[in-house]
Amino acid sequence: MTVHSIKTSTAGYPRIGYDREWKKVLEQYWAGNSSVQQLEEELARINDVRLKTMQDAGIDLIPVNDYSWYDHVLDMTATFGLIPSRFAYDGGEVNADLLFALARGTQDAVACEMTKWFNTNYHYIVPEWEGKAPQLTVNRPLQAYRQAKQIHGIEGKPVIIGPYTYVRFIKGIKPEERLNVLRQFVGVYGQLLSELEGEGVQAVQLDEPAFVLEMPSEHWAAVKEVYAELRKAAPSLSLWVQTYFDAVSDYEAFVSLPVDTLGLDFVHDRGRNEAALRQFGFPAQKQLAVGIIDGRNIWRTDLAAAAVWLESVEGIVPKERWIIQPSCSLLHVPLTAARETELSAPVREALAFADEKLEETALLARHFASPSEETRAALAESGARVQAWRTEPLRQRPQVVQALEELLRAEKEKGIERLPFEERKELQRKRWPSLPLLPTTTIGSMPQTADIRRARLRFRKGEWDAKTYETYLEEEMTRWIRIQEEIGIDVLVHGEFERTDMVEYFGEKLDGFAFTKFGWVQSYGSRCVKPPVLYGDVAFTEPMTVKETAFAQSLTSQPVKGMLTGPVTILNWSFVRDDIPREQAAFQLAYALRQEIAALETAGIGMIQVDEPAVKEGMPLKAEDAVYYTDWAVLAFRLATCGAAPETQVHTHMCYCDFSDMVDTIRKMDADVISLETARSGGDMIATLEEQSYELGIGLGVYDIHSPRVPAVEEIDRIIEQALRVLPVETFWINPDCGLKTRREPETVAALRNMVEATKLARARRQASVLPTEA
């Protein structure tokens with residue numbers, strides 16, 4: 001390995017393998033088709049490839065322990081033995097089956113909550129606090145370090161979630177007790193670091209992304225105390241504190257921590273880290289890990305511009321004390337753009353995935369370590385390529401831009417709103433007079449079996465013609481309409497069997513998107529998604545969902561919901577162009593969806609769900625930025641939906657985030673019915689609604705679909721009754737937490753049957769209590 005006077009690093013690297021081998025290995029094990037030994041061997045083999053890739057790219061400080069069998073936060077929970085009592089843990093190292101049980105649940109124990117990692121589409125498993133003191137069950141970072149050194153001769157940099165970030169995200173700690181709990185982790189973190197120091201580890205990266213969140217002064221004081229103790233526990237170990245996703249909340253407090261290296265994100269900091277660096281300087285004895293390559297998006301960096309920026313800070317921090325790296329872990333981008341040979345040349349040449357970002361990192365370091373004609377030419381070529389992409393004609397659709405401007409101007413004059421909810425509710429009640437109290441529905445997708453995936457593949461490969469594939473889809477839709485009717489669901493869905501992904505499907509139908517073949521990223525567990533590439537102006541060309549929805553509606557007298565993905569979710573779950581403001585792209589998507597809603601209404605569809613699970617996910621991490629974001633996110637949703645007739649019932653759905661601070665935003669979206677995740681979070685939203693009224697239609701998900709367990713009728717009944725203590729029965733809907741795409745058919749049918757039976761119990765109670773009064 002070539003050693004430069006300017007070091008390179010990365011905070012993390014994707015886990016899934018170039019062909020998603022990681023996903024396949026896990027699912028084989030979960031299906032009972034492999035042993036734990038085979039699981040360990042295959043996962044170790046995938047990790048070996050990762051390490052060798054970073055080594056060959058010329059990365060000096062290679063992360064270890066960023067590789068996980070499921071989730072890095074869950075790994076820390078297992079490391080500390082913080083296993084909830086419902087899993088009957090009796091101490092010692094957490095084995096594979098218990099680890100997966102925490103994440104996926106068992107028939108007897110509900111899985112731990114899952115939610116978004118900051119404002120990304122990565123989901124982590126939320127730790128739970130039951131007052132049990134943390135203990136070091138096994139030193140996983142030490143194991144990862146030894147593996148990298150023994151197999152590849154790599155002097156790895158163990159990556160560990162820092163104590164403040166880990167404790168801040170533990171569920172069940174009262175706010176006034178959180179700092180006391182933080183102090184309880186000093187000993188176990190100190191032990192972990194001391195053992196690493198004893199092994200001869202040179203540097204340890206402590207990830208503290210929570211430092212970018214709002215932190216009271218007493219939190220910073222406690223953090224300084226904690227890090228002073230960690231410094232004492234491992235005095236000769238080089239401690240590295242890494243932040244990302246935004247600017248640190250208190251730069252001066254951050255740079256005063258008793259550590260050796262400080263990592264800052266200079267891509268997503270909105271200029272604040274840079275401003276603080278220029279205003280307050282940087283400690284003379286510390287290294288700066290410069291996050292200059294975008295670790296969250298897939299566009300090439302203008303390396304010429306990056307070099308100019310680096311030159312401008314050299315007077316503040318001498319380049320000998322730089323460590324050049326991406327802005328955050330590369331977990332959030334696909335592995336390599338080199339295989340995307342089917343994309344158009346302009347799009348393909350604009351992309352940089354994880355491996356290309358390693359190359360960009362290494363090139364910048366080589367240039368500043370030893371400038372040459374070769375490095376200058378490479379930087380100039382990078383700059384020219386990025387500038388050419390910004391003006392690429394393929395991206396421009398002036399007619400869309402003009403039409404959207406006219407629509408926005410007209411709607412703003414009217415207020416961008418529908419009739420008041422109470423008036424809409426009466427019109428909708430007249431349209432569906434037979435809809436019962438506590439109507440039941442699902443979120444949209446039904447199980448996508450291996451047969452469905454094979455049928456889609458045959459069609460894409462040309463083995464089936466369009467008629468054969470369409471017939472197959474109609475048979476599946478017919479079968480599932482009948483299943484839903486037989487179970488007793490009130491508002492049906494067509495099942496979304498034609499859709500690979502809720503965002504990709506719409507991107508394929510709209511102009512302005514490109515699609516990779518291998519651009520997978522981890523979302524949660526073994527679930528990988530392939531985000532569309534939103535590269536240009538978005539244009540609606542023809543109806544996208546009408547054929548399937550209208551067919552399903554023709555099979556039944558019960559309402560069938562049209563299913564759309566909302567503009568902000570499409571935006572947040574895509575890799576988005578960076579040459580225009582994000583809100584402008586969201587409005588273009590909203591305009592396209594508005595046209596789709598009109599097409600559904602023309603086809604006679606009277607309930608339309610516009611899913612927005614990613615609204616919270618995309619929210620900026622700082623309060624001063626969040627207000628503007630929520631304003632335009634609400635505007636985008638309303639722009640898409642306000643053209644609907646008042647008797648058209650507009651639904652939306654959000655999941656796997658903490659929505660307790662979003663009730664007002666959700667109300668402003670003005671959907672007739674919103675469904676929210678509730679089951680896995682233990683009813684946190686119910687507690688919020690005890691304090692904040694919500695007068696529109698709402699469904700709090702009554703069971704967790706990300707676990708294979710089938711909830712009992714009594715369990716669902718309890719959740720329904722908890723919700724009805726704080727919500728009006730007249731506007732309450734009953735539904736699962738999320739779509740059922742990832743579940744198997746038997747467990748889906750069983751769970752939905754139990755949901756309907758629990759609903760019948762709730763209805764019977766209301767009828768029993770009301771009828772005597774009426775008499």
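**Helix 16 and helix 23**

I began with helix 16 (residues 398-414) and helix 23 (residues 582-602) in this predicted model, and found that their axes come within 10 Å and cross at roughly 85°. On the side of helix 16, I listed Val400, Val401, Ala403, Leu404, Leu407, Leu408 and Glu411 as making the contact, and on the side of helix 23 Gln584, Phe587, Gln588, Tyr591 and Arg594. Sorting the residues of this contact by class, I noted eight nonpolar, two polar and two charged.

**Helix 11 and helix 12**

I then looked up helix 11 (residues 272-280) and helix 12 (residues 303-313), whose axes lie 11 Å apart and which pack at an angle of about 25°. With angles under 35 degrees counting as roughly parallel, helix 11 and helix 12 are therefore roughly parallel to each other. Here I found Glu274, Leu277 and Arg278 of helix 11 meeting Trp309, Ser312 and Val313 of helix 12, and the classes in this contact come to three nonpolar, one polar and two charged residues.

**Tryptophan 129**

Next I located tryptophan 129, which sits in the loop that runs between strand 4 (123-125) and helix 5 (140-152). Is tryptophan 129 buried or exposed? Its relative accessibility is 15%, and since buried means under 20%, I recorded tryptophan 129 as buried. Setting aside neighbours within four places in sequence, I found tryptophan 129 in contact with Leu82, Pro134, Ile170, Lys171, Gly172, Ile173, Val181, Gln184 and Phe185.

**The largest pocket**

Last, I turned to the largest pocket, for which the computed volume is about 2100 Å³. I counted 50 residues in its lining, and those that lie nearest its centre are Arg20, Lys23, Glu27, Arg453 and Trp520. The elements I noted as giving two or more residues to this lining are helix 1 (21-30), helix 4 (96-104), helix 18 (450-461), helix 20 (504-509), strand 13 (527-529) and helix 28 (745-774). Which element gives the most to the lining of the largest pocket? I found that helix 18 does, with seven residues. By class, I divided the residues of the lining into 24 charged, 16 nonpolar and ten polar.

Definitions and conventions
Residues are numbered from 1 along each chain as its sequence is written. This is a predicted model: local features need pLDDT of at least 70, side-chain atom pairs count only at pLDDT 80 or more; totals for chains, interfaces and linings use all residues. Side-chain values use heavy atoms; hydrogens and water are left out. Axes are lines fitted to C-alpha atoms, for helices over the stretch in contact, and angles run from 0 to 180 degrees between N-to-C directions. Helices (H or I, at least four residues) and strands (E, at least two) are DSSP runs, numbered from the N terminus. Contact means heavy atoms within 4.5 Å. Ala, Val, Leu, Ile, Met, Phe, Trp, Tyr, Cys and Pro count as nonpolar, Asp, Glu, Lys and Arg as charged, and the others, Gly among them, as polar. Buried means under 20% relative accessible area, exposed over 50%, partly exposed in between (1.4 Å probe, protein chains only). On a 1 Å grid over the protein atoms alone, a cavity is a set of points where a 1.4 Å probe fits but cannot get out, and a pocket is an open set with protein on both sides within 12 Å along at least five of seven lines; lining residues have an atom within 4 Å of a point. Grid points are joined across faces, edges and corners, and a volume is the space filled by probe spheres set on the points. Angles under 35 degrees count as roughly parallel, over 145 as roughly antiparallel, 65 to 115 as roughly perpendicular and the rest as oblique.
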